[in-house]
Amino acid sequence: MRIRLAENFRAVFYAPFYATNALGFYARQGFDVELVSSSGPGEGVAGLLDATVDITWGGPMRVMKAREQQSTPLTCFCEVVARDPFYLVGRRNHASFELADLARLRFAAVSEVPTPWLCLQHDLREHGIDPDRLARAPAQTMVDNIAALRKRQLDVVQVFEPYVSMVLAEGEGASLYAASARGPTVYTTFISTRAAIERHRAAFAGMTRAIAQMQRWLAGHSAEDLAEVTAPFFPGIARELLVSSLRRYLDAGIWSNTTEVSRVGFARLAESLLSGGYISRMPSYEDCVDLSLG
């Protein structure tokens, strides 16, 4: 059986998904997984709705939003990224950085996807800081923000790996804040429709078992090992930079060691979306998470 799995977008923090494929864990469950590229973040969800793909991975925030807006068939299961993979990186002279310092610094948030800023703005609120009072730089890509940091046009930027390791290796700045430190925040799961789950129940249960096998493998292997199996998915990233990126994520504990979707992490994500105005009411865990696939 072949399952069409839409890739949300290519990112280092999705390494466990690539490792599961590269290590043959899907194949051992008795089916083929075809990795389908998406045209942009969240486009896999559109593919689910028009049945051009069977399953995708992405943020449960998309399920929360969809279930608030209308009756939707979307649901999520099988947690993989359990903590926020984004960092604040800035000039070395801000080494004693606190979140309150953003009020006086030239700061650029991630603009490519909404979740990093929605989660960070909730962190700010919890520190007594009104995120609406920050003078955020105009939206541009993380690549452009890193370039602006190098030129000293910005003081602090919000990025994921490998940009953190890149800036540190160049001696251009320091890691000031790891969003993973806030604790569990369900960041990435499988997403599908309820109809597709019924149609492919055995395969999706097998994919969940494959992810669990990958999680056990990951617990006993190093960043170098993970880089070895996932490097073909990142041809544009130098091996030492990839190893550094993966080691930082392993040390931060961003990847779940169980496929169960964390209720604590789900609530934290929902609270962030609610405080940021992305949703207007707290979603129900049972309404958004399929509990039948293990």
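In which loop is the place of Ala-51? In this predicted model, Ala-51 sits in the loop that runs between α3 (43-49) and β3 (55-58). Its phi is near 65°, a positive value in a residue other than glycine. With a relative accessibility of 43%, Ala-51 counts as partly exposed. Cys-78 likewise has a positive phi, near 65°, and is not a glycine. Cys-78, however, belongs to strand β4 (residues 74-81), and it is buried, its relative accessible area being 2%. A further backbone feature is the cis peptide bond between Glu-161 and Pro-162, for which omega is about 15°. Pro-162 lies in the loop between β7 (156-159) and α7.

The protein chain contains 13 helices and nine strands. Its radius of gyration is 19 Å, in agreement with the value near 19 Å that a compact globule of 294 residues would have. The C-alpha trace spans about 55 × 45 × 30 Å along the principal axes. Of the 294 residues, 57% are buried. The accessible surface amounts to about 12200 Å², and carbon and sulfur atoms account for 49% of that area. Among contacts between residues at least 6 apart in sequence, 78% join residues at least 24 apart.

Val-110 provides a local view of the packing. This residue is placed in the loop between β6 and α5 and is buried, with 6% relative accessible area. Leaving aside residues up to four places away in sequence, Val-110 touches Phe-86, Pro-116, Trp-117, Met-142, Gln-158 and Val-159. The C-alpha atom of Val-110 is 7.2 Å from that of Thr-141, although 31 residues separate the two along the chain.

Charged side chains were examined next. The chain carries 30 positive and 32 negative side chains, and 1 Å separates the centres of the two sets. Side chains of opposite charge can pair when their charged atoms come close.

One of the salt bridges joins Asp-123 and Arg-268, with the closest N and O atoms 2.7 Å apart. Asp-123 is part of helix α5 (residues 115-126) and Arg-268 of helix α12 (residues 263-275), so the pair ties together parts that are 145 residues apart in sequence. Both Asp-123 and Arg-268 are buried. The two residues also belong to a network of salt bridges that links Asp-84, Asp-123, Glu-126, Arg-182 and Arg-268.

Another salt bridge is formed by the side chains of Arg-91 and Glu-172, at an N to O distance of 3.9 Å. Arg-91 is located in the loop between β5 (87-90) and β6 (107-108), and Glu-172 in the loop between α7 (163-170) and β8 (174-178); the pair therefore ties together parts 81 residues apart in sequence. Arg-91 is buried, with 11% relative accessible area, whereas Glu-172 is partly exposed at 23% relative accessibility.

Asp-101 and Arg-104 form a salt bridge in which the closest N and O atoms are 3.7 Å apart. Asp-101 counts as buried at 17% relative accessibility, while Arg-104 is exposed, with a relative accessible area of 59%.

Terms used: Residues numbered from 1 in each chain as written. Predicted model: local features only at pLDDT ≥ 70, side-chain atom pairs only at ≥ 80, totals over all residues. Heavy atoms only, no water. Salt bridge = Lys/Arg side-chain N within 4 Å of Asp/Glu carboxyl O. Helix = DSSP H or I, 4+ residues; strand = E, 2+ residues; numbered from the N terminus. Buried < 20%, exposed > 50% of the residue type's maximum accessible area, 1.4 Å probe, protein only. Rg over C-alpha atoms; globule rule 2.2 N^0.38 Å. Contact = heavy atoms within 4.5 Å. Areas by Shrake-Rupley, 256 points an atom, 1.4 Å probe, with all protein chains shown as cover. Lys, Arg positive; Asp, Glu negative; His and termini not counted. Charge placed at Lys NZ, Arg CZ, Asp CG, Glu CD.
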